[in-house]
Amino acid sequence: MSKLELLPAVDVRDGQAVRLVHGESGSETSYGDPLAAALAWQRAGAEWLHLVDLDAAFGTGDNRDQIAEVARAMELKVELSGGIRDDASLAAALATGCTRVNLGTAALESPEWVAGVIAEHGDRVAVGLDVRGTTLRGRGWTRDGGDLFATLARLDAEGCARYVVTDIAKDGTLQGPNLQLLRDVCAATDRPVVASGGVSSLDDLRALASLVPEGVEGAIVGKALYAKAFTLEEALEAVSV
Ligand SMILES: O=C(O)c1ccccc1NCC(=O)[C@H](O)[C@H](O)COP(=O)(O)O
């Protein structure tokens with residue numbers, strides 16, 4: 001059985017590594033220099049980094065140069081997210097050498113463009129399914145964007161390689177992941193799923209690891225690492241079996 005991949009998160013707002021609560025703009029706690037945070041996760045043994053440009057996601061500017069600097073400095077695999085919605089932002093994201101990009105809003109608002117991107121870039125593209133209940137949210141999670149399962153069926157038919165599934169109600173709250181949502185998504189698709197939002201403990205990671213046979217491939221971990229609920233070394237050890 002494959003082990004659960006762990007993706008420590010570096011979310012960048014106004015040039016700083018931050019964590020939000022429920023993804024809400026204005027709820028930031030700052031954790032300093034994004035490059036320092038990313039290098040710390042790399043030194044601790046991470047194989048992946050989940051790197052988010054929150055300003056690009058919210059439409060309040062971007063941290064494109066800094067994000068590119070972080071991505072280029074990494075030896076590990078990078079999943080890049082936030083505000084990738086057109087040819088220019090996609091080209092800039094791919095040019096960082098990241099392993100894959102995560103499309104969110106575009107999958108809801110520009111389905112034809114996203115279908116073309118999936119057809120052209122295959123496994124280098126994941127789609128973020130950010131939900132409240134089973135309603136998708138776009139534009140930095142501020143606007144409704146349709147039904148989760150209808151969108152999933154469309155993206156599956158278009159050949160989407162992978163989904164990053166976030167329960168917004170859990171994100172940044174340290175309340176544990178929404179395991180039922182993940183089971184439901186895994187039951188609806190044969191594509192791998194990366195779980196995001198709410199991890200609070202090593203037991204949460206073990207619970208997510210138990211869903212690997214159902215299709216959960218990885219878990220993004222943000223707040224718990226910054227709040228020192230556990231170390232990344234402990235997390236990697238917890239999911240190593
Ligand atoms: O990923 C995005 O594009 C995004 C857009 C708008 C708000 C938040 C966004 N991402 C947040 C994350 O990816 C978090 O780092 C991740 O869900 C970790 O959550 P947690 O472990 O609960 O801190």
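Leaving aside neighbours within four places in sequence, Thr166 is in contact with Gly128, Asp130, Asp171, Ser196 and Gly197, where contact means that the C-beta atoms of two residues, placed from the backbone, lie within 7 Å. The structure is a predicted model, in which local features need pLDDT of at least 70, side-chain atom pairs count only at pLDDT 80 or more, and totals for chains, interfaces and linings use all residues. Residues are numbered from 1 along each chain as its sequence is written.

Thr166 belongs to strand β10 (residues 163-167); strands (E, at least two residues) and helices (H or I, at least four) are DSSP runs numbered from the N terminus. Thr166 is buried because 26 C-beta neighbours lie inside 10 Å. By the criterion applied, a residue is buried if 20 or more other C-beta atoms, placed from the backbone, lie within 10 Å of its own, exposed if 12 or fewer, and partly exposed in between. From Thr166 to Ala207 the separation is 41 residues in sequence and 16 Å in space, C-alpha to C-alpha.

For "active site", an unreviewed UniProt entry lists Asp11 and Asp130; the positions are given in the numbering used here, feature names are shortened, and annotations may be inferred rather than shown by experiment. Asp130 is located in strand β7 (residues 125-132) and is buried, with 25 other C-beta atoms within 10 Å. Beyond four places in sequence, the contacts of Asp130 are Gly104, Leu136, Arg137, Trp141, Thr166 and Ile168. Asp11 is found in strand β1 and counts as buried, with 27 C-beta neighbours inside 10 Å. Residues up to four places away not counted, Asp11 touches Ala17, Val18, Arg19, Val52, Leu54 and Gly222.

The ligand is surrounded by 26 residues, of which the closest are Ala9, Gly23, Ala57, Gly222 and Lys223; a residue is near a molecule or strand if its C-beta atom, placed from the backbone, lies within 6 Å of it. At least two residues of this shell come from each of β1 (5-13), β4 (48-53), α2 (54-58), β12 (216-221) and α10 (223-226). The shell divides into nine nonpolar, 13 polar and four charged residues. Here Ala, Val, Leu, Ile, Met, Phe, Trp, Tyr, Cys and Pro count as nonpolar, Asp, Glu, Lys and Arg as charged, and the others, Gly among them, as polar.

Strand β4 is largely enclosed by the rest of the structure, because six of its six residues are buried. Trp48, His50 and Val52 on one side and Leu49, Leu51 and Asp53 on the other are all buried, so both faces of β4 are covered. In a regular strand the side chains alternate between the two faces of the sheet. β4 pairs with β1 in the parallel sense over four bridges, pairing requiring that DSSP finds at least two bridges between two strands. Ala9 has His50 in β4 as its bridge partner. β4 also pairs in the parallel sense with strand β5 (residues 77-81), over five bridges, and Leu51 stands opposite Leu80 in β5.

The largest nonpolar core has 74 residues, among which Leu49 and Ala219 touch the most other members. Such a core is a set of buried Ala, Val, Leu, Ile, Met, Phe, Trp, Tyr and Cys residues joined through C-beta atoms within 7 Å.
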